[in-house]
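Please read the sequence and the structure shown here before turning to the points that follow.

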Amino acid sequence: MRGIIKENPGQGARLVDDLPIPSPAEHEVLVKVTDAAVCATDRHIYEWTTWARKRVTPPCILGHEVAGVIEGIGKDAKGTVGQKVALESHIPCHSCNQCRRGNGHLCENCGLLGVNRPGGFAQYVTIQDDCIFPLPDSFTGRQTALMEPLGAAVHGVDRAQVQGKRIAVLGCGPIGLMTIGAARLSGASLVVATDVIPSRLERAKAMGADITLDVTDLHSKRLQEIRQLPELDAVINCSDSVEAILGGLRSLRRGGTLVSTGLPQTTLTFDISEELLYRELTLKGTSGRALPQTWEHSLSLVKQGLDLAPVLGKEYPLSEFDQAIRHLVVGLPGKPTFHID
Ligand SMILES: [Zn+2]
Ligand SMILES: [Zn+2]
């Protein structure tokens, strides 16, 4: 079969066409991949950053935002051949302390599709049967491939408990855009969106942001100093900027909550007494998606009309993998996807 493989440590990854079709183990299904979306994680692996070096042992097939159709079922696995499915990329072990507490998304031995397990930038992939989520045939392949990153956004929205609250979403890349849409439909009363790229702020409006702010050179400032705004009940950081997190903390009302879904590469230093303690703020992280609650919430939001079209970018064939990575590097609009047949 064809697939994108990271063969060696170092820059790059390439398409090969002689990979064996995997066969599903007892509790796994075989999925014929139809579509997959490209993510910053794939860029990390392609560019062989410190993040990737810690997690990936080549050779590895890339791809973790995957849509497909069940084509085979392992001896003890549940599933229906022909069913359209999205794949959960964080694969719980079911035996560690967190898994036994029902927190599979916090698994201590978590398998990661396309990172430390063969991924879905390929014609076929196998996966545990509890990591497939059936979707209606009305979902397009591209929409289905977005369900995994949508879940990351929805998990952040759920952690921020946005209903009736005034919130800000920092960073309007694909996760930020989906966070805005999910927060809107989940009942946030005011959604402020920030970024430094005007075209992203346009898309933020299309996703339902009430107010958009260009924060170029103003990251660590209170948003209220940039524009007259009420104090915020919650802030969801979807950027990779530690200054944005600091600005977000300062924009919260006393007792407010900051959730970070974005992954800064650097360390944040701040005055815990002044910025956090006396103001009784709550800081929360997110990891993947709660299983299966986040998937259920995501599906219900799409059924309620959450439009993912503004999140989508150009569609590429697998043979143009380098161009799809370049799409991210140069900041072309929307998330690039692959159609795979
Ligand atoms: Zn991703
Ligand atoms: Zn576990």
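This is a predicted model: local features need pLDDT of at least 70, side-chain atom pairs count only at pLDDT 80 or more; totals for chains, interfaces and linings use all residues.

Residues are numbered from 1 along each chain as its sequence is written, chains are lettered from A and ligands numbered from 1 in the order in which they are written, and side-chain values use heavy atoms, with hydrogens and water left out. Helices (H or I, at least four residues) and strands (E, at least two) are DSSP runs, numbered from the N terminus.

**Helix packing**

- Two packed helices are described by the angle between their axes and the distance between the axes. Axes are lines fitted to C-alpha atoms, for helices over the stretch in contact, and angles run from 0 to 180 degrees between N-to-C directions.
- Helix H1 (residues 40–47) packs against helix H12 (residues 321–330) at an angle of about 110°, and their axes are 10 Å apart. H1 is therefore roughly perpendicular to H12 (angles under 35 degrees count as roughly parallel, over 145 as roughly antiparallel, 65 to 115 as roughly perpendicular and the rest as oblique).
- The crossing of H1 past H12 is left-handed; a crossing is left-handed if the near helix is turned anticlockwise from the far one by less than a right angle, and right-handed if clockwise.
- H1 contributes Ala40, Asp42, Arg43, Tyr46 and Glu47 to this contact, and H12 contributes Phe321, Asp322, Ile325, Leu328 and Val329. Contact means heavy atoms within 4.5 Å.
- The residues of the H1 contact with H12 comprise six nonpolar, no polar and four charged. Here Ala, Val, Leu, Ile, Met, Phe, Trp, Tyr, Cys and Pro count as nonpolar, Asp, Glu, Lys and Arg as charged, and the others, Gly among them, as polar.
- Helix H5 (residues 147–160) and helix H11 (residues 293–303) pack at about 100°, with 9 Å between their axes. This angle makes H5 roughly perpendicular to H11.
- In this pair, Met147, Glu148, Leu150, Gly151, Val154, His155 and Asp158 of H5 meet Thr294, Trp295, His297, Ser298, Leu299, Leu301 and Val302 of H11. The contact of H5 with H11 consists of seven nonpolar, five polar and two charged residues.
- The axes of H5 and H6 come within 8 Å and cross at roughly 55°, which means that H5 is oblique to H6. H5 passes H6 in a right-handed crossing.
- Pro149, Leu150, Ala152, Ala153, Val154 and Val157 of H5 meet Ile175, Met178, Thr179, Ala182 and Ala183 of H6. The residues of this contact are 10 nonpolar, one polar and no charged.

**Buried positions**

- In helix H9 (residues 242–251), eight of the 10 residues are buried. Buried means under 20% relative accessible area, exposed over 50%, and partly exposed in between (1.4 Å probe, protein chains only).
- The buried residues of H9 include Val242, Ile245, Leu246 and Leu249. Their cover includes strand E11 (166–170), strand E15 (252–260) and helix H10 (272–277).
- At the start of H9, a side-chain oxygen of serine 241 lies within 3.3 Å of the backbone nitrogen of glutamate 243.
- Glycine 181 is placed in helix H6 (residues 174–185) and is buried, with a relative accessible area of 2%. Leaving aside residues up to four places away in sequence, glycine 181 touches Met207 and Leu306.
- Threonine 144 belongs to helix H4 (residues 141–145) and is buried, at a relative accessible area of 1%.

- Most residues other than glycine have a negative phi, and most peptide bonds are trans.
- A cis peptide bond, with omega about 0°, joins proline 58 and proline 59. Proline 59 lies in the loop between helix H2 (50–55) and strand E4 (60–61).
- The peptide bond from leucine 291 to proline 292 is also cis, with omega near 0°, and proline 292 is found in the loop between E16 and H11.
- Histidine 94 is not a glycine, yet has a positive phi of about 70°. Histidine 94 is partly exposed, with a relative accessible area of 48%.
- Glutamate 280 has a positive phi of about 50° and counts as exposed, at 64% relative accessibility.

Terms used:
A polar contact is a pair of N or O atoms within 3.5 Å; within protein, one must be able to donate a hydrogen and the other to accept it, and residues adjacent in sequence count only if both atoms are side-chain atoms.
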